[in-house]
Amino acid sequence: MPKFIVSLQSNADYEAAKRDIEKQGGSIVDDSMKILGMITVQMSDQSASSLKSLNSGIISVEPDQEVTIQVA
């Protein structure tokens, strides 16, 4: 199952977001970025795409992938 980064609004209910993720069949992979309002989850693509509509405190759901930068 793919991993996603879920970004929450600053006033979002963190525990409610976690419950919604788990209700959709997802699991919390890493919540060490909780202070920044982000949770890494593992869930199906279909569940991830519907997650934002279930919880108004969720800003975005993006694939967890490696990011690189190129120096000019």
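These legends go with several close-ups of a predicted model. Local features need pLDDT of at least 70, side-chain atom pairs count only at pLDDT 80 or more, and totals for chains, interfaces and linings use all residues. Residues are numbered from 1 along each chain as its sequence is written, and side-chain values use heavy atoms, with hydrogens and water left out.

View 1. Helices (H or I, at least four residues) and strands (E, at least two) are DSSP runs, numbered from the N terminus. Starting there, the order is β-α-β-β-α-β. With a radius of gyration of 12 Å, close to the 11 Å that the globule rule gives for 72 residues, the chain is as compact as a globular protein of that length. That radius is taken over C-alpha atoms, and the rule is 2.2 Å times the number of residues to the power 0.38.

**View 2. The largest nonpolar core, 12 residues in total.** Such a core is a set of buried Ala, Val, Leu, Ile, Met, Phe, Trp, Tyr and Cys residues joined through side-chain atoms within 4.5 Å. Buried means under 20% relative accessible area, exposed over 50%, and partly exposed in between (1.4 Å probe, protein chains only). Among the members are Phe4, Tyr14, Ile39 and Leu51. Two or more residues each come from β1 (3–8), α1 (14–23), β3 (38–42) and α2 (45–54). Not counting residues up to four places away in sequence, Leu51 touches Val6, Asp20, Ile21, Gln24, Met43, Ile58 and Val61; contact here means heavy atoms within 4.5 Å.

**View 3. Helix α2 and its buried residues, Ser47, Ala48 and Leu51.** Looking down the axis, you'd find these within an arc of 100°, so they line one face of the helix. That arc is the one made by the directions from the helix axis to the C-beta atoms. The buried residues pack against β1, α1 and β4, while Asp45, Gln46, Ser49 and Ser53 are exposed on the other side. Lys52, also in α2, is partly exposed at 46%. Leaving aside neighbours within four places in sequence, Lys52 is in contact with Ile58, Ile59 and Val61.

**View 4. Ser60 in strand β4 (residues 58–63).** Is Ser60 buried or exposed? At 16% relative accessibility, Ser60 counts as buried. Past its neighbours within four places in sequence, Ser60 is in contact with Ile5, Val6 and Ser7. A polar contact of 3.4 Å joins the side chains of Ser60 and Glu62 (a pair of N or O atoms within 3.5 Å; within protein, one must be able to donate a hydrogen and the other to accept it, and residues adjacent in sequence count only if both atoms are side-chain atoms).
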